[in-house]
Amino acid sequence: MTLSLQFFSLLLMVFSGILVGAIIEGARFVTGSFPRRSYVYKYRIVLEIFVWIMLGLGSFYILFEVRDGVWRIYDPLAQIVGILLYDQLFQPVFRLMGRIFLHLIIQPIWWIIRFIWMVVNKIIYLIWMLISFIFKPFHFLFQKTWHLALQKKPNFRYNGKYTKKLK
């Protein structure tokens with residue numbers, strides 16, 4: 001293994017540490033922004049553990065591609081340095097980019113989805129009102145005939161002495 005390959009893998013591990021810090025902070029922000037009664041908020045610890053496992057597998061995949069999975073002692077140290085670099089230098093930049101991404105991409109898409117949902121609901125409500133207006137006379141007739149069908153019918157017996165008199 002050449003020295004340049006080791007230096008490249010060291011820089012790659014520092015860069016992956018920066019990405020790990022950004023992804024963990026993003027995952028915490030997303031899971032923390034849900035309402036407290038939602039399942040995502042209740043199980044945010046499980047989701048964070050899942051994210052950590054996926055990031056560990058991703059880091060190993062990077063090592064596997066660069067050095068065929070050979071692990072050196074400086075690899076986790078380089079990732080810790082990358083996480084600390086993210087925390088000290090890159091966190092404001094990533095947060096600014098995240099806010100820009102949220103305001104320019106996510107919020108307009110969310111607004112369009114909510115607008116389409118509102119239009120579809122209004123159309124369904126209009127169709128429901130038209131159908132109920134058309135069937136209103138039939139509903140009235142159905143109620144009257146159903147009421148007549150459920151009335152108690154007189155019980156006719158042959159012996160008049162034992163029959164109940166209906167009032």
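Predicted model: local features only at pLDDT ≥ 70, side-chain atom pairs only at ≥ 80, totals over all residues.
View 1. Of its 167 residues, 14% count as buried. The accessible surface comes to about 14700 Å², and carbon and sulfur atoms account for 74% of that area. Look, too, at how the chain meets itself: among contacts between residues at least 6 apart in sequence, 69% link residues at least 24 apart.

**View 2. Helix H4 has a kink at Phe90.** Here we follow H4 through residues 74–134. A straight helix of 61 residues would span 90 Å at 1.5 Å a residue, yet the end C-alpha atoms of H4 are only 77 Å apart. The kink at Phe90 is about 70° and comes shortly before the proline Pro92.

**View 3. The buried residues of H4 pack against two helices, H1 and H3.** These residues are Asp75, Ala78, Gln79, Gly82, Tyr86 and Gln91. Their partners are H1, covering residues 3–32, and H3, covering 44–67.

**View 4. Seven residues form the largest nonpolar core.** Its members are Met13, Val14, Ile18, Ala22, Leu63, Ala78 and Tyr86. H1 and H4 are the elements that each give two or more residues to this core, and H1 gives the most, with four. In soluble globular proteins, nonpolar side chains tend to be buried together.

**View 5. Val14 touches Ala78, Gly82 and Leu85.** Val14 and Ala78 both belong to the largest nonpolar core, while Gly82 is among the buried residues of H4.

How values were computed. Residues numbered from 1 in each chain as written. Heavy atoms only, no water. Expected span 1.5 Å × (residues − 1). Bend = angle between axes of the 7 residues up to and from the residue. Buried < 20%, exposed > 50% of the residue type's maximum accessible area, 1.4 Å probe, protein only. Contact = heavy atoms within 4.5 Å. Core = buried A, V, L, I, M, F, W, Y, C linked by side-chain atoms within 4.5 Å. Areas by Shrake-Rupley, 256 points an atom, 1.4 Å probe, with all protein chains shown as cover. Lists of a residue's contacts leave out its neighbours within four places in sequence.
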